[in-house]
Each structure stands twice: as C-alpha cells, then as structure tokens.
Amino acid sequence: LIRESLARFFQTEDEAGVIRDVAEDNVLVLSDPARGIAPEAPGALADGATGVAWLRALIADAIHRRCREILVEPLEEESRVVFRRGEGEESSRGISRQVHVGVSMALEDLAKLASRGRAVPREGRFRVGLGERHLVALITWLPGIHGDAYHVRLAEERIQKEGLEEMLEDYPEVRNALEAAVAGGRGLLLVAAPEGHYRETIGAAAVQWIRWEAGQTVSSASSGPHPARGTGLQGGQGSDAPPLSEVISAVDPDGTDILAVLRVESLEEVASVLDATRNRLAVAGVRKQDALEAFQWLVRNGLLPRIRSGSLCGILGTRAVERICQHCRRRYDLFEEFPNLIPNSSEGSLYFANTGCRACRRAGVLDLEAAFEFLPGNPALAERIAASSAHAAVRKEVARSGVKSLYSSLLARASVGEVDVREPLRLLLHEGRGCG
C-alpha cells in the first residue's frame, strides 16, 4: 500500500532498470554498465526468466538486427517473434507460451495498456533507455484466435530546432516574458522539465540565447556527469565530484555574467545557486513536471522570502511533444470525446493525431518540438500563488494572472494542426480540470 501510494507521486524502480511513473511514460533501461544492467541474448535466457528480461533481450536483438518492428504473436502450439526491417524483410524465432505470457505482461505494464480501456486496437508507449539515444517503443495490442498479439515499433526522437530563438518562434508570449525577465542581468532562471524531455539541451540553448543576446560570458558549474553543452567550460564531474556549492564558489564571482548549472536536485543546491546570483544571471535545470510544480517545490522548501526579494527571474516550463505528420494525420474529434473539456471552443478548430507512415513512425522517427510556458518571478504574483492552497485554485490564479499553461499552449498548437492533439491530453492527469 505504501509503495502504491508513493507511486502516485514519485517514480518507482521496483525492478532494476524498470522505472515507472504515473504522470509520464515508463522507462525500460536497456543497457547501463554502471548499474550492471545489460541485455542477454535470447538464446541464453531460460523460459523461466522474467518477462522484462525477455523483453529487454528481444528489443536489443531487434536493434542488433537493425529492425524497427517486432511482432509478438501466439500460434496454435507455441508463439513466435517476428523482426521486420523493411517491406518483405523479416526474420523470426520461436518462443514458448510461458515466455509469451511474461513478455505480454511486461508490455501491458510498461505501455499502460490497461488504462486504455476496451478499445481495439489498444495503443501505448514507453521509453527505452540506451545511453544518449532517445528511443520510444510504440505498442499496439490486437486480439487473435490463439491469444493476444503485440506490435512493437521502435522510433528515435529528434528535435529539428536547435537554438532557443527557433524553438520560441511559435511562443511569442513566452519569448517576450523571458526577455523582460533576464533584462536585469541578475537572478535565477529555472528550466523545469520531466526526465527524458531534453531539459539539458533546452537549458544549454537558453544559456546560449542569453549569451548572444547580451554578449555575456558564461561559466558552467555542474556536480553531475554531464556539463551543459555549448558553454565551452566545464565544472565538477563524476561520482567523486565535489558538492555543487564548492564548484560554484570556485567560479570567479566577478569574471562571468551567467552561471550555467545542468541540474539542481536539493534545497541546498538551489540556495547555493541563488547565493551566486547577486551580481549575475544563473540558469539551472530542475526535474519537475512544469513551471508551477517547480515554483511550489521552492515555496514548500522555505524559499518564498528569496522569491520576494527578486532573486528568481522566472521558471521556464518545457517538454518535448510530437509534431503532426502531414502525410498520415487523421481527424480527431476532441469535443465529441471530451464534451466538457474546453468551455470556449471555436467552431473552426480542427484537431489531428498521427497514425504512422513511412515518413514518420514507420521510418523509425518521432519528430518533436519543444513546448513552453513561463512563470515570471514577480513577487506580487508569487504571494498570490503561495496564498492559494487547493491545487485547482493555484492553477486558476496563475491563469488569471495571464500566464498561459503548457496545456493551453499545446491545445492552441494542436488547433492549428501543428501538434498531435494527444500531447495536451496527456497533461490532463497532471494539470487536472483547472489547467486553463
């Protein structure tokens, strides 16, 4: 009961390399030598091995064969796994019914297929952790004569826009608010994003954007294994790296205008960064669902007085979302499925979702763009947000202040046919009905 309750709010890893998250996609770590996680060859696994071990082995085998699709289907006597590389190019191997049941349970769990109801076909997804590569497993379930069949399509994510200037082209309100927030040249800019949503990439792009806008110099301070890319400087790295506070204190207090921190994970680290922003800007990443969750985290940890003093420039909330493919998009009647979702609907809005074709998913690619929201570090706004207790009341107060949430921004992008409409719908679990 305790584990299930905690899983509603935090990531859990009951089995090594299987990271479950209520609000985000689950993650299957395919290989991590530092943690001793590695796939075995399917021929070396016994039938009694776990379904996750078999699934990890089959995905690794597909990558080794340079195949993008895996079909797990039951036959009359046994089951088989088909690896498809292209049209007419496929190979297969037999598996026992015991292995089929284990792989099916692993796929159902990781792709959250049970929450899709009785729809046929049922579709789900989970992320595959493989070093620096960003892979997504797209799952389709279909009933068959001899049992359930599962189609697994592996796709690699890519963000075509690299610079923040390009990323913010479709978010002019965020760009204007961000420019105003950093114009003073001091304070902390937090970049809030869930794990796996390119937080480090977007944070580094934000640093470079500020640097080129103002012609300022940058220092990078990081206690983690990866420094912010593109800054030209590196901080402490590795498991034996000193605490972040020591790394920051080693930076010349007057020699640089921007301090770049890959991520902050604790109150002490945030306080250390804030202490270094008296005469400069700092950009730091934090693993939170959105800007408001990051703000509430700061308030709960007693940092409201620092926000009142103007030490917080603002919080840039971001996440990677799938763009619409013009070749395979299908109409999605949002108002028929969710009649009370949007109080002020426009009759001309058309919503689309991708079905997958040779130009996108079947080519092994998910085209993504970064979506944004910006919560300014305005002391008056901070007081009003902190005074609201209920979750829905907090979000309504933010909406009344003119801050456009990620949900609202994404729904607007979906209404003009640029973003898959299922992307804003994924935010409903987190933002709730008061998301604006």
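I started at R422, whose side chain makes a polar contact with the side chain of D420 at 2.8 Å. I took a polar contact as a pair of N or O atoms within 3.5 Å; within protein, one must be able to donate a hydrogen and the other to accept it, and residues adjacent in sequence count only if both atoms are side-chain atoms.

This is a predicted model, so local features need pLDDT of at least 70 and side-chain atom pairs pLDDT 80 or more, while totals for chains, interfaces and linings use all residues. Residues are numbered from 1 along each chain as its sequence is written, and side-chain values use heavy atoms, without hydrogens or water.

The backbone oxygen of N354 lies 2.8 Å from a polar atom of the R422 side chain. R422 sits in helix α15 (residues 422-426). I number helices (H or I, at least four residues) and strands (E, at least two) as DSSP runs from the N terminus.

Is R422 buried or exposed? R422 is buried, at 16% relative accessible area. My cut-offs are under 20% for buried, over 50% for exposed and partly exposed in between (1.4 Å probe, protein chains only).

Next I checked helix α3 (residues 97-110). Its 14 residues should span 20 Å at 1.5 Å a residue, and the end C-alpha atoms are 20 Å apart, which agrees. The expected span is 1.5 Å times one less than the number of residues. Among the buried residues of α3 I noted H100, S104 and E108. Just after α3, K112 takes a positive phi of about 55 degrees.

I looked up the cysteines. C313 is buried at 8% relative accessible area, and C328 is buried at 7%. The structure holds 0 disulfides (cysteine sulfur atoms within 2.5 Å).

Last, the cavities. A cavity is a set of points on a 1 Å grid over the protein atoms alone where a 1.4 Å probe fits but cannot get out; lining residues have an atom within 4 Å of a point. Points are joined across faces, edges and corners, and a volume is the space filled by probe spheres set on them. I count 3 cavities of 30 Å³ or more.

I159, K161, M167, D170, Y171, E369 and A370 line the second largest cavity.

Terms used:
On a 1 Å grid over the protein atoms alone, a cavity is a set of points where a 1.4 Å probe fits but cannot get out, and a pocket is an open set with protein on both sides within 12 Å along at least five of seven lines; lining residues have an atom within 4 Å of a point.
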